[in-house]
Amino acid sequence: MSWTVIVRRQPWPLGVSFRVQAEAAASSLVMEPQRWGASRAEPRPPRFLDTLQDAVIGSVQVRLGYVDREGTETERTVHPLGIVAKGPSWYLVANTEAGRRTFRIDRVSSADPTCDPVHRPEDFDLATSWRAIADEVERKRTPLEVRALCAPEGIGVLRMGFGGRLEVGPSRTDGRIEVVIRGNDEHILAGELAGLVEWIEVTGPPGVRDHLASIGNALVERYGSDRQGRRTAAVSEDAARHRRP
């Protein structure tokens, strides 16, 4: 969930200090990113969030200790460029000797600001940089790409179901629209698509089509006999009514 904050400039009376204005502005806004119905337990801000925010604002390098997801701890000097909140998690975007990197702040084990200035690229834009990072993370999380053709009236359903995992392409001569849906497992993605056969035809990869065929056969085997039995019973009852004098 993302939030957009609009601050309207107020006609402050002469003599009111900047501190008073800042305190008034801060007290006039409540941000509650928690969704309706979600648990009320909220994670605490990461230990070094304030330190890293100060380093970004002060444009000073930081000696950063970091523990990766495998539990390996490293230390390096970074050039803090910006901080991003993604859901309940906070991330530091920084330049390092190995290039631009993203650090989850709750994995930072130490943060010691230095007196050395940050070397900030003149064309750096935090929002643009984060979009590129997020897109790359999403591609790594969902490397499987399923190609399909979708009826125009089904595009809205796909958008609601797959969100950012859906890419909409051009229309074909028959009116159907080319789409790409990303996932990380053929069987799971086939299960997500199985209920959408009214709108889509999966064209590849073959493994997903095979899983869809298996799901279809299993559905017919599980429910087809019941349907046939009800149909036979209805026909028999109708015939019996016609035979009655």
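1. Asn95 counts as buried because its relative accessibility is 15%; buried means under 20% relative accessible area, exposed over 50% and partly exposed in between, with a 1.4 Å probe and protein chains only. The residue lies in strand β3 (residues 89-96). Strands (E, at least two residues) and helices (H or I, at least four) are DSSP runs, numbered from the N terminus.

2. This is a predicted model, in which local features need pLDDT of at least 70, side-chain atom pairs count only at pLDDT 80 or more, and totals for chains, interfaces and linings use all residues. Residues are numbered from 1 along each chain as its sequence is written, and side-chain values use heavy atoms, with hydrogens and water left out.

3. The side chains of Asn95 and Arg100 are joined by a polar contact of 3.0 Å. Such a contact is a pair of N or O atoms within 3.5 Å; within protein, one must be able to donate a hydrogen and the other to accept it, and residues adjacent in sequence count only if both atoms are side-chain atoms. Leaving aside residues up to four places away in sequence, Asn95 touches Val78, His79, Leu81, Arg100, His119 and Pro121, contact being heavy atoms within 4.5 Å.

4. The whole structure holds 2 aromatic pairs. Tyr66 is in strand β1 (residues 60-67) and Phe103 in strand β4 (residues 99-104), 37 residues apart. Tyr66 counts as buried at 9% relative accessibility, and Phe103 is buried with a relative accessible area of 3%.

5. Tyr91 and Trp130 form a tilted aromatic pair, 5.5 Å centre to centre with 45° between the planes. Tyr91 lies in β3 and Trp130 in helix α3 (residues 126-141), so this pair ties together parts 39 residues apart in sequence. Both Tyr91 and Trp130 are buried. Rings of Phe, Tyr and Trp (its six-membered ring) pair if their centres lie within 6.5 Å; planes under 30 degrees apart count as stacked, over 60 as edge-to-face and the rest as tilted.

6. The lining of the second largest pocket has 21 residues, and Arg69, Tyr91, Thr102, Ile133 and Val137 lie nearest its centre. A pocket is an open set of points on a 1 Å grid over the protein atoms alone, where a 1.4 Å probe fits, with protein on both sides within 12 Å along at least five of seven lines; lining residues have an atom within 4 Å of a point. Helix α3 gives the largest share of this lining, 8 residues.
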